[in-house]
Amino acid sequence: YPSVASDGSISWTPTTFLITYVVLVNWFLFQVSIAVLLDNFHSARKMSKAKEQLAQAKERRRRKQLSTPLDPLLLRLCEDFLDEEDLTKRLKTLFKIIDSDD
């Protein structure tokens, strides 16, 4: 409310200050809340995009993985052999086992 001086004059300064203060504080808080909402939206979008990229990478890795039943065996042969002679011996043994008519 406007203050009334002893001579009957009205001073609008406190009222003007209060209204200006409330409007400015509300405007500032509105801007802060919009900034927080935009930041959260941006973070959620970024996280969603990262999850999608991770899922795509997992799918690519899954497709590159072993595709036939013999792949684990051949992979182990490739990793464990000592020299060419050892690999030849292992492959011959493997083919004997696979080619048996039992």
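**Val22 and the spread-out fold around it**

Val22 is partly exposed, with a relative accessible area of 40%.

Biologist: Good place to start! Why is Val22 called partly exposed?

Modeller: This is a predicted model, and the relative accessible area of Val22 in it is 40%. Buried means under 20% and exposed means over 50%, so Val22, at 40%, is partly exposed.

Biologist: Where is the place of Val22?

Modeller: Val22 is in helix α1, which covers residues 13–64. The protein has three helices and two strands, and from the N terminus on they run β-β-α-α-α.

Biologist: How do you know that the protein is more spread out than a compact globule?

Modeller: Its radius of gyration is 39 Å, while the globule rule gives 13 Å for 102 residues; 39 Å is well over that, so the protein is more spread out than a compact globule. The C-alpha atoms fill a box of roughly 120 × 25 × 15 Å along the principal axes.

Biologist: And how many of the residues count as buried?

Modeller: Of the 102 residues, 5% do. The accessible surface comes to about 9800 Å², and carbon and sulfur atoms hold 63% of it.

Biologist: Back to Val22, then. What makes the nonpolar surface patch?

Modeller: Phe17, Leu18, Tyr21, Val22, Val25, Phe28, Leu29, Val32 and Val36 make it, with an area of about 850 Å². Residues in a patch need over 30% relative accessible area, so Val22, at 40%, passes that cut-off.

Definitions and conventions
Residues are numbered from 1 along each chain as its sequence is written. This is a predicted model: local features need pLDDT of at least 70, side-chain atom pairs count only at pLDDT 80 or more; totals for chains, interfaces and linings use all residues. Side-chain values use heavy atoms; hydrogens and water are left out. Helices (H or I, at least four residues) and strands (E, at least two) are DSSP runs, numbered from the N terminus. The radius of gyration is taken over C-alpha atoms; the globule rule is 2.2 Å times the number of residues to the power 0.38. Buried means under 20% relative accessible area, exposed over 50%, partly exposed in between (1.4 Å probe, protein chains only). Accessible areas come from the Shrake-Rupley method with a 1.4 Å probe; for residues, only the protein chains shown count as cover. Patches are made of residues with over 30% relative accessible area and no salt bridge: like charges are joined within 9 Å, nonpolar side chains (Val, Leu, Ile, Met, Phe, Trp, Tyr) within 5 Å. A salt bridge is a side-chain nitrogen of Lys or Arg within 4 Å of a carboxyl oxygen of Asp or Glu.
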